[in-house]
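Grab your viewer and follow along.

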Amino acid sequence: MMTEREFPNWETLYQEQAVETMPWFNSSLDPDVESALLTLEINNGSVLDLGTGPGTQAIALAERGFQVMATDLSEAAIRQAAAKANQKGLEISFRQDDILNSHLEQSFDLILDRGCFHVLPPQSYGTYVQTVANLLKPKGYLLLKCFSHLEIREQGPYRFTPEEIQQIFKERFDLRLAKQTVYHGTLDPLPKALFCILEKH
């Protein structure tokens with residue numbers, strides 16, 4: 001059984017800390033996301049960046065011509081990310097939203113989750129899967145990056161094996177790819193991660 005993990009208050013964190021110092025801060029598009037877009041031959045369309053945090057992935061996707069909406073639980077994160085996007089002259093729709101009680105209404109070609117799912121309480125996974133599936137267009141993709149079961153640090157998010165991801169998502173998704181990788185960010189050594197491509201069925 002997974003031990004219950006504790007997480008910071010995201011709002012306080014984004015109010016008090018510089019985003020550049022956060023473990024998941026990566027100024028460019030995550031290499032795993034980049035290779036998934038190439039593999040899937042996706043170079044345009046609508047994307048939801050779930051748990052956008054510093055907004056780096058939303059910005060990198062918008063710069064590539066995607067129509068991006070970015071959401072986060074923390075209003076401070078959204079404010080800071082929106083300011084950065086404005087400086088770059090990018091049109092990104094930033095919203096404060098909780099994926100477990102979402103008020104989003106449109107549907108997307110692609111959803112990117114680079115760190116939201118693995119900090120959710122295990123009892124909420126069913127809600128997460130249904131909500132994300134409902135926000136995707138038919139045959140849409142969820143690109144999911146989470147901590148891998150190979151990560152041995154005491155602290156941090158929940159960890160997953162490819163089998164567990166398949167189990168959790170199987171009702172609404174086919175697992176197309178699950179590869180062991182790392183979380184590109186500010187930690188040394190980089191945490192071990194699992195990158196998954198899930199296709200809505």
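Leaving aside neighbours within four places in sequence, Val-129 is in contact (heavy atoms within 4.5 Å) with Ile-168, Phe-169, Arg-172 and Phe-173. Val-129 sits in helix H5, residues 125–135; helices here are DSSP runs of H or I with at least four residues, strands are runs of E with at least two, and both are numbered from the N terminus. With a relative accessible area of 2%, Val-129 is buried. On that scale, buried means under 20% relative accessible area, exposed over 50%, and partly exposed in between, using a 1.4 Å probe and protein chains only. Val-129 and Ile-99 are 30 residues apart in sequence, and their C-alpha atoms are 9.9 Å apart in space.

Before going further, some ground rules: this is a predicted model, where local features need pLDDT of at least 70 and side-chain atom pairs count only at pLDDT 80 or more, while totals for chains, interfaces and linings use all residues. Residues are numbered from 1 along each chain as its sequence is written, and side-chain values use heavy atoms, with hydrogens and water left out.

Next up is Ser-148, which lies in strand E5 (residues 136–148). Is Ser-148 buried or exposed? Its relative accessibility is 0%, so Ser-148 counts as buried. Its side chain makes a polar contact with the side chain of Gln-180 at 2.7 Å. A polar contact is a pair of N or O atoms within 3.5 Å; within protein, one must be able to donate a hydrogen and the other to accept it, and residues adjacent in sequence count only if both atoms are side-chain atoms. Not counting residues up to four places away in sequence, Ser-148 also touches Arg-159, Phe-160, Lys-192, Ala-193 and Leu-194, besides Gln-180.

Now for the charges. A salt bridge is a side-chain nitrogen of Lys or Arg within 4 Å of a carboxyl oxygen of Asp or Glu, and by this rule the count comes to 10. Here are some of them:

| Pair | N to O distance |
|---|---|
| Glu-63 and Lys-88 | 3.7 Å |
| Asp-174 and Arg-176 | 4.0 Å |
| Glu-199 and Arg-176 | 2.5 Å |

The pair Glu-199 and Arg-176 meets in a salt bridge and links distant parts of the chain, with Glu-199 in strand E8 (residues 192–200) and Arg-176 in strand E7 (residues 173–182), 23 residues apart. Glu-199 is buried at 8%, whereas Arg-176 is partly exposed at 48% and Asp-174 is partly exposed at 28%.

Glu-63 forms a salt bridge with Lys-88. Glu-63 lies in helix H3 and Lys-88 in the loop between helix H4 (75–87) and strand E3 (92–96), so the pair ties together parts that are 25 residues apart in sequence. Asp-30, Asp-32, Arg-114, Lys-145 and Lys-179 are linked in a network of salt bridges.

Finally, the pocket. The largest one has a volume of about 840 Å³ and is lined by 39 residues, with Trp-10, Trp-24, Gly-115, His-118 and Val-119 nearest its centre. A pocket is an open set of points on a 1 Å grid over the protein atoms alone, where a 1.4 Å probe fits, with protein on both sides within 12 Å along at least five of seven lines; lining residues have an atom within 4 Å of a point. Volume is the space filled by probe spheres set on the points, which are joined across faces, edges and corners. H1 gives the most to the lining, with three residues.
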